[in-house]
Amino acid sequence: MIQLTSDSTCDLGEHVKKRNIGIVPLSVVLGENSFRDGVDIFPQDIFDYYAKCGQLPKTAAPSIGDYEEFFAKYADEGKTVIHFNISAKASSSHSFAAEAAKRFGKRVRVVDSKALSSGQGLLVMKAADLAEQGADADEILSEIAACIPKTNTSFVPDRLDYLYKGGRCSKMQMYGANILKIHPLIEMEDGQLIAEKKYRGSMQKCVSNYIADLAEKYPEYDDTRCFITHSCADEELVRFARAETEKKFCFREISETVAGSVITGHCGRNTLGLLFIFR
């Protein structure tokens, strides 16, 4: 029997329970206190902490021992675990999980998603589809390996305050972007985040251009599902993004999910992305 698991960074929301996905939380550290992502800390806690202290939280991967304990409860039941990690270039999670998996042999297989948030989540959902269709672990891993480089993981942030605090842009870039209403397109390439293209104007205008650009760039895509994932964005913006997605694409399922505390802590409130697997 296949058991799918993931770090909390997959941002799958209600799909975790629906698809019986095991989750191991990363840690979020506020000052001297450590919390578990999605268990005892949530995005609003990040916003409150930043507003009060002007500092971003720190994050930490589960330890090798944490992963061993997590995997053991499934392996001891005779299940074959396929575990998905946030990109190895973004966290130590993958290397720690891979080291822990050695104790279990082929009973635990660990995947570097080379993505984060629901980009990682898309791969978990694809694996769940395959498992339900009767695929074995090797077949699932082979299909997922082919999907990893074809997973669009991209976002448009509202403001650059959090990116500046996290060392991902300069103070001048932050001030200039916030004053001139410049919103960079941030996307994953080979497991790491890059910012190249820039949009200008209101978030609604930028999201419209962003989704139009995705439709032009990826005319062929897996129409099974997409995710509109955001960091507690304004409801009006999320509705607008969904409407624009429905105009430009023909996904059979459009899921809206809220980014967890780890992802939110890096991008800030009102960031929004449309994520899907292309062909």
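Two strands pair if DSSP finds at least two bridges between them. Helices here are DSSP runs of H or I, at least four residues, and strands are E runs of at least two, numbered from the N terminus.

Before that, the ground rules. This is a predicted model, with residues numbered from 1 along each chain as its sequence is written. Local features need pLDDT of at least 70, side-chain atom pairs count only at pLDDT 80 or more, totals for chains, interfaces and linings use all residues, and side-chain values use heavy atoms, without hydrogens and water.

Now the whole protein. We have 11 helices and 14 strands. The radius of gyration is 18 Å, close to the 19 Å of the globule rule for 279 residues, so the protein is as compact as a globular protein of that length. That radius is taken over C-alpha atoms; the rule is 2.2 Å times the number of residues to the power 0.38. Of the 279 residues, 53% count as buried, meaning under 20% relative accessible area with a 1.4 Å probe, protein chains only.

On to β10, residues 182–189. Is it enclosed or open? Largely enclosed by the rest of the structure, because 7 of its 8 residues are buried.

Who are its partners? On one hand, strand β9, residues 154–155, pairs with β10 in the antiparallel sense over 2 bridges. There, Phe 155 stands opposite Ile 186. On the other hand, β11, residues 192–200, also pairs antiparallel with β10, over 7 bridges. Glu 187 faces Ile 194 of β11 across that pairing.

Last, the turn. β10 and β11 form a hairpin with 2 residues between them. Asp 190 sits in that turn, with a positive phi of about 50 degrees.

Key. Buried < 20%, exposed > 50% of the residue type's maximum accessible area, 1.4 Å probe, protein only.
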